[in-house]
Amino acid sequence: MTMAGLSLADLHKLPRWAKRTVMVSVDLLLLPVSLWIAMSLRYGAPANGLAMDPMFLAIVTLPSILIFGRLGLYRAVMRYVGQQAFVQIIKAVVASAALVLVLGLLSPAIETPFSLAITYLLVALALVGGSRWLGRWLLNDHKFARIGARVAVYGAGHTGRQLVSILAQGTEYRAICFIDDSAELANRNIDGLMVLPASGDLEDLVKRYGIQEIFLSIPSASASRRREVLLRLERLPVHVRSVPGLNELISGVARIDQLRDIRVEELLGRDPVPPVADLLQRPIHEKTVLITGAGGSIGAELARQALALKPRNLLLLDISEFALYQLELELLQTQSKKSTETQIIPLLGSVLDQKRLAQVFSTWRIDTVFHAAAYKHVPLVEHNPYAGLGNNVLGTVRTAEAAVRAGVGRFILISTDKAVRPTNIMGASKRLAEMSVQALGARPDVKTVFGMVRFGNVLGSSGSVVPRFAAQIKQGGPVTVTHPEVTRYFMTIPEAVQLVIQAGALARGGDVFVLDMGDSVKILELAKKMIRLSGRTIRNPGSATGDIEIKITGLRPGEKLYEELLIGDAVDQTVHPRIMRAEEQFLPWEQFRECLTVLSESEFHANDQSLRTFLLKWVDGYQPPLHDSMIAERAAV
């Protein structure tokens, strides 16, 4: 399509002055035409005489053009003309009509100046405004410019409309329609797009309109509502993405156009339970807090939330220099924005180093310890049992004993559901760590209040299944699942940490707290959902159709099909609906010391029978893995 030999695509390349010249030229034509049409309509016949007088037309047109320029009509970029620009057009045309009215009152040749001015206003508004709409359509919606992906926006509210407006400014995406839950908006037209009901056949809608992506624009929806919507959308053969959440938009952390892939926690999410303010404040506010393993996923989130609760001093202990550096940098940046007076102290060291622990506890009068330092990856610990048992058990004991000697008020151990009837060395090591805290806390001479919090998998932690699946999908597959029946409990890291802090405040001594993890999730179904939400299709084994294959690899050494949170049945509810207190048996300290002696004096290997004998003796419910040959093979490499 061309305009006077100039293609529409070439209009984008014109210099700014040339584009303004085109706009002024169009208005120089439309304003006299508007006046002629207005006089013809007013007097019921084609106008002549005054309407054709060049001087009269110039007196109306030229000042009007100057008014248009003064109001910024020629500074607007035609492709991005929006609501505010049309408000300025209305003001400019009203000013031009006022000029016609004044000239009409001064000219005896015009019999009805007021009605003529009104007619001219309406005609000029239609022609001048319509020219802008036409220009915007030609530049934005014409096939030469609109080659982007066809998009449906789920949510026709304020944010959804803003998103459509932003998308119209580029060529990467083309908004085709809205999808909305509101029956009142169904089949209505908003900003030139049809609003289609979410209750309809979405799969048919995708095929009929050729939708390639769906942008979820419901930032204020609850977690359960988002989950409900996503469970419908993930079945569709399209890529689903989302605008940032309401808190991110309000705080300025993110913008509407910063679309992101759906996070798996949104699929598994649930509405948060408001924290009990006193439980959050009690172990941290105006206190000196030590977090071990601060560079890890849980430890780092503990540090973030603790800083927000304004401790006097926040001590961060980790063996990884890089992880500690990154965390300190992040917290200092946060602190500069919040203007808190907390002293942040990064401490390099190992929980196995008794001298370093003694130095830390003697230097700082610590009130609360959150012990998150642990080796947690099941296969790695399975093949490195001596390191795993040493760090997870002896590291916990040495840190706890240092806390007792220093008179620390509260010590909270971060544990795991894998400690319940463990089938792997990592789980067994965490159960022994629990037993050490229980035994130490029961000693009559110990004043430190000990507690432990046991929960399942956290979404997004290092090495967890979710980021692994995401990386495999990005690489084109295959996505590896160990067994089709494997299930796991999941919780977001922020929710888990918030509950850990509150559980720590509830501790009375030797408590085992269990977090409500919601419903268990089948890992195979999770993999399928993640593939579909990425806009890919699942390829069945042996099939040539589909994008990504799911490959069953077999259970890893020590891996369970199902995880549990309780050893026994004795569990009581606390003041928090998602924190429960369990009653579990443990050994007295004097008896448990024998276990620690054997552990500290032995050096276990993956294929060592003495390792199994040791764990069978000391860890009640330990179920040795069935894949000893695999362990021996790996250990021999």
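**Helix H12 against helix H19, and beyond**

Modeller: Helix H12 passes helix H19 in a right-handed crossing. The model is a predicted one, and what follows is a reading of its computed geometry. Two packed helices are described by the angle between their axes and the distance between the axes. For helix H12, which spans residues 297-308, and helix H19, which spans residues 493-506, the axes come within 9 Å and cross at roughly 65°. Because angles from 65 to 115 degrees count as roughly perpendicular, H12 is described as roughly perpendicular to H19.

On the H12 side the contact is made by Ser297, Ile298, Glu301, Leu302 and Gln305, and on the H19 side these meet Ile493, Pro494, Val497, Gln498, Val500 and Ile501. Sorted by class, the residues of this contact of H12 with H19 comprise 7 nonpolar, 3 polar and 1 charged.

Histidine 576 itself is placed in the loop between strand S24 (571-573) and strand S25 (579-582).

The axes of helix H18 (residues 465-474) and helix H20 (residues 523-533) come within 10 Å and cross at roughly 45°, which makes H18 oblique to H20. Here too the crossing in which H18 passes H20 is right-handed. Val465, Val466, Phe469, Ala470 and Ile473 in H18 meet Ile523, Leu526, Ala527, Met530 and Ile531 in H20, and the residues of that contact divide into 10 nonpolar, with no polar and no charged residue among them.

Lysine 528 also lies in helix H20, and with a relative accessible area of 24% this lysine is partly exposed. Once neighbours within four places in sequence are set aside, lysine 528 is in contact with Ile538 and Ile550. The C-alpha atoms of lysine 528 and arginine 235 are separated by 9.5 Å, although the two residues are 293 residues apart along the chain.

In one of them, the ring centres of tyrosine 173 and phenylalanine 215 are 5.1 Å apart and the ring planes stand at 80°, so the pair is edge-to-face. Tyrosine 173 belongs to strand S4 (residues 173-180) and phenylalanine 215 to strand S7 (residues 213-216), so this pair ties together parts that are 42 residues apart in sequence. Both tyrosine 173 and phenylalanine 215 are buried.

Another aromatic pair, formed by phenylalanine 411 and phenylalanine 450, is tilted, with 5.1 Å from centre to centre and 50° between the planes. Phenylalanine 411 lies in strand S14 (residues 410-416) and phenylalanine 450 in strand S15 (residues 449-455), so the parts tied together by this pair are 39 residues apart in sequence. Phenylalanine 411 is buried, at a relative accessible area of 0%, and phenylalanine 450 is likewise buried, at 0%.

Key. Residues are numbered from 1 along each chain as its sequence is written. This is a predicted model: local features need pLDDT of at least 70, side-chain atom pairs count only at pLDDT 80 or more; totals for chains, interfaces and linings use all residues. Side-chain values use heavy atoms; hydrogens and water are left out. Axes are lines fitted to C-alpha atoms, for helices over the stretch in contact, and angles run from 0 to 180 degrees between N-to-C directions. Helices (H or I, at least four residues) and strands (E, at least two) are DSSP runs, numbered from the N terminus. Angles under 35 degrees count as roughly parallel, over 145 as roughly antiparallel, 65 to 115 as roughly perpendicular and the rest as oblique. A crossing is left-handed if the near helix is turned anticlockwise from the far one by less than a right angle, and right-handed if clockwise. Contact means heavy atoms within 4.5 Å. Ala, Val, Leu, Ile, Met, Phe, Trp, Tyr, Cys and Pro count as nonpolar, Asp, Glu, Lys and Arg as charged, and the others, Gly among them, as polar. Rings of Phe, Tyr and Trp (its six-membered ring) pair if their centres lie within 6.5 Å; planes under 30 degrees apart count as stacked, over 60 as edge-to-face and the rest as tilted. Buried means under 20% relative accessible area, exposed over 50%, partly exposed in between (1.4 Å probe, protein chains only).
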